[in-house]
Amino acid sequence: QVHLVESGGGLVQAGGSLRLSCAASGSYFSINAMGWYRQAPGKQRELVATITSGDNTNYADSVKGRFTISRDKNTVYLQMNSLKPEDTAVYYCDAYISRVVGQQYRYWGQGTQVTVSS
């Protein structure tokens, strides 16, 4: 079994910062692309940022220049600066993980709440 466990969410004032972490655990061969998504109440889940195994990154336009995605071994991070009330959402991490060579499956974390007050 593979699990993704997130941490770091919470309540912060507008303009503040938070750092999310997501660690993969279990038995696997390799971790490929990883990413962060978010879902606000009444809205669809949307991409926030992704990072490949080669550290190539991609960001949603709404977070460019404010959020930074990074990874280290089995953990992906999301540094969120200059937070806005519209960043309020449940944040989910995902990872494409290979448990055998040549196959990969997508795993999701349980989600962590980020609330930005105005």
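This text walks through the structure from its overall build to its one disulfide. The model is predicted.

Start with the fold elements. The protein chain has 11 strands and 0 helices. Along the sequence, the pattern is therefore β-β-β-β-β-β-β-β-β-β-β.

Next comes overall size. The C-alpha atoms of the protein chain fill a box of roughly 45 × 25 × 25 Å along the principal axes. The radius of gyration is 14 Å. A compact globule of 118 residues would have a value near 13 Å, so the two agree.

Now look at how the protein chain packs. Of its 118 residues, 42% are buried. Take the contacts between residues at least 6 apart in sequence: 56% of them join residues at least 24 apart.

The surface follows. The protein chain exposes about 6,300 Å², and carbon and sulfur atoms supply 46% of that area. Charge is carried by 11 positive and 8 negative side chains. The centres of these two sets lie 2 Å apart.

Finally, turn to the disulfide. A disulfide is a covalent bond between the sulfur atoms of two cysteines. A search of the whole structure finds 1. This disulfide joins Cys22 to Cys93, with an S to S distance of 1.9 Å. Cys22 lies in strand S3 (residues 18-26) and Cys93 in strand S9 (residues 89-100), so the pair ties together parts that are 71 residues apart in sequence. The torsion about the S-S bond is about 50 degrees, so the disulfide is right-handed. Buried means under 20% relative accessible area. Cys22 has 1%, so Cys22 counts as buried. Cys93 is buried too, at 0%.

How values were computed: Residues are numbered from 1 along each chain as its sequence is written. This is a predicted model: local features need pLDDT of at least 70, side-chain atom pairs count only at pLDDT 80 or more; totals for chains, interfaces and linings use all residues. Side-chain values use heavy atoms; hydrogens and water are left out. A disulfide is a pair of cysteine sulfur atoms within 2.5 Å. Helices (H or I, at least four residues) and strands (E, at least two) are DSSP runs, numbered from the N terminus. Buried means under 20% relative accessible area, exposed over 50%, partly exposed in between (1.4 Å probe, protein chains only). The radius of gyration is taken over C-alpha atoms; the globule rule is 2.2 Å times the number of residues to the power 0.38. Contact means heavy atoms within 4.5 Å. Accessible areas come from the Shrake-Rupley method with a 1.4 Å probe; for residues, only the protein chains shown count as cover. Lys and Arg count as positive and Asp and Glu as negative; His and the chain ends are not counted. The place of a charge is taken as NZ of Lys, CZ of Arg, CG of Asp or CD of Glu.
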